[in-house]
Amino acid sequence: MNEFFGNPNFSVSHQKVSASCPSNIALIKYWGKYENQIPANPSISYTLNNCKTNTEVEFLAGEKFGVQTFLAGKEELKFAEKIEKYFKSIVEYVPWILEGKYIIRTENTFPHSSGIASSASGFGAIAKTLMELDELFSGKIGTEAKVKKASFLSRLGSGSACRSLYNGLVVWGETHEVQNSSDLFAVQYPNSEVHTSFKNFNDWVLLIHEGEKTVSSTVGHGLMNTNPYAERRFLEAHENFALLKVILKNGDMEGFIKLVEHEALTLHAMMMMSDPAFILMKTGTLAVINKIWEFRKETKLPLFFTLDAGANVHLLFPSNQEQTSIREFIIKELLQHTQNNGVVKDVMHF
Ligand code: PMV
């Protein structure tokens, strides 16, 4: 842990820095955590390309500590409060952090009301700007160490954010299956261990329900503490890592589909088994899932889904081959289940 403590010798000055960070979508889900944002199980995600947060930070050295935030030009007081609290919580890792005032301007490349989680890309981008400032105030550190610490810092803001600092497939949480994996920061899943079939993928997010979720992920994670199925779930995530490792190596698309959909449904099953129980899926979510299953049965084409902690459906299908019938099916059959014909198209290439 020592490597993340900040340099006590620093010198602050007025600066403006900016950074951009993409969102990510988990294949093996993180759901449940211990103190200090330690995940209850390892997770792995694809880093997206188009869904990003762009953040500019102006640091007014020597002014009273405080944070002002603007989201797409509009002042956001609640977000500022959250960031202030976050900055105070990481002072041992960033010793200069309370030595000035911040004006943070941030915008997402995806619609704000879409219900797509912006916390991963948002905290990822803020952690990146902090590391830019850290270099200016405390001296140069190597690129690798800088990204690693940005991953460490962003985890303390929002767990899943730590995976957004790397491209491709990214692992967070200690597992025997991935060398150097850690509960404290994310690592890239070795590219050489990934079959080319999994390196070019579309992720089209069907916006089934736009707007705020009824239960936040912070509350959802907390409810795993009393969930009678939690321990079995944490163990299963480890088992699924072992399975996924073989699937990724061999290019086993059928195995991949089965595992990814199972993980998504398990996440939502955990919500239903919580006390109090909650359900984030909507009628449209279930309709889309059933249609995907029918389509796959009929066509044998590799269209499948995963879910975040929300009602939206992430449609996954390979992007390296002409998949005209998949695209047509989505537009003709699935789009009608969205609230406003909303779909955000993203793609993974690595
Ligand atoms: O990082 P958080 O606290 O927003 O939790 C995210 C949890 C899921 O998105 C549901 C799963 C994951 O691994 O990203």
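Leaving aside its neighbours within four places in sequence, which residues is His221 in contact with? The answer is Tyr30, Trp31, Gly32 and Lys33, where contact means heavy atoms within 4.5 Å. This is a predicted model, in which local features need pLDDT of at least 70, side-chain atom pairs count only at pLDDT 80 or more, and totals for chains, interfaces and linings use all residues. Residues are numbered from 1 along each chain as its sequence is written, and side-chain values use heavy atoms, with hydrogens and water left out.

**His221 in its setting**
- You can find His221 in helix H4, residues 217-223 (helices are DSSP runs of H or I, at least four residues, numbered from the N terminus).
- His221 has a relative accessible area of 6%, so it counts as buried (under 20% relative accessible area, with a 1.4 Å probe and protein chains only).

- A polar contact is a pair of N or O atoms within 3.5 Å.
- The side chain of Ser160 has an N or O atom 2.7 Å from an oxygen atom of the ligand.
- For Arg163, a side-chain N or O atom is 2.7 Å from a ligand oxygen atom.
- In the case of His221, the distance from a side-chain N or O atom to an oxygen atom of the ligand is 3.0 Å.
- On its own the ligand has 380 Å² of accessible area, and the protein covers 91% of that (Shrake-Rupley method, 1.4 Å probe).

**The shell around the ligand**
- Tyr30, Ser160, Arg163, His221 and Asp308 come nearest among the 14 residues around the ligand.
- Domain 1 (2-192) and domain 2 (199-349) each give at least three residues to this shell; the bounds come from an automatic or database domain assignment.

Methods:
A residue is near a molecule or strand if one of its heavy atoms lies within 4 Å of it. A polar contact is a pair of N or O atoms within 3.5 Å; within protein, one must be able to donate a hydrogen and the other to accept it, and residues adjacent in sequence count only if both atoms are side-chain atoms. Helices (H or I, at least four residues) and strands (E, at least two) are DSSP runs, numbered from the N terminus. Buried means under 20% relative accessible area, exposed over 50%, partly exposed in between (1.4 Å probe, protein chains only).
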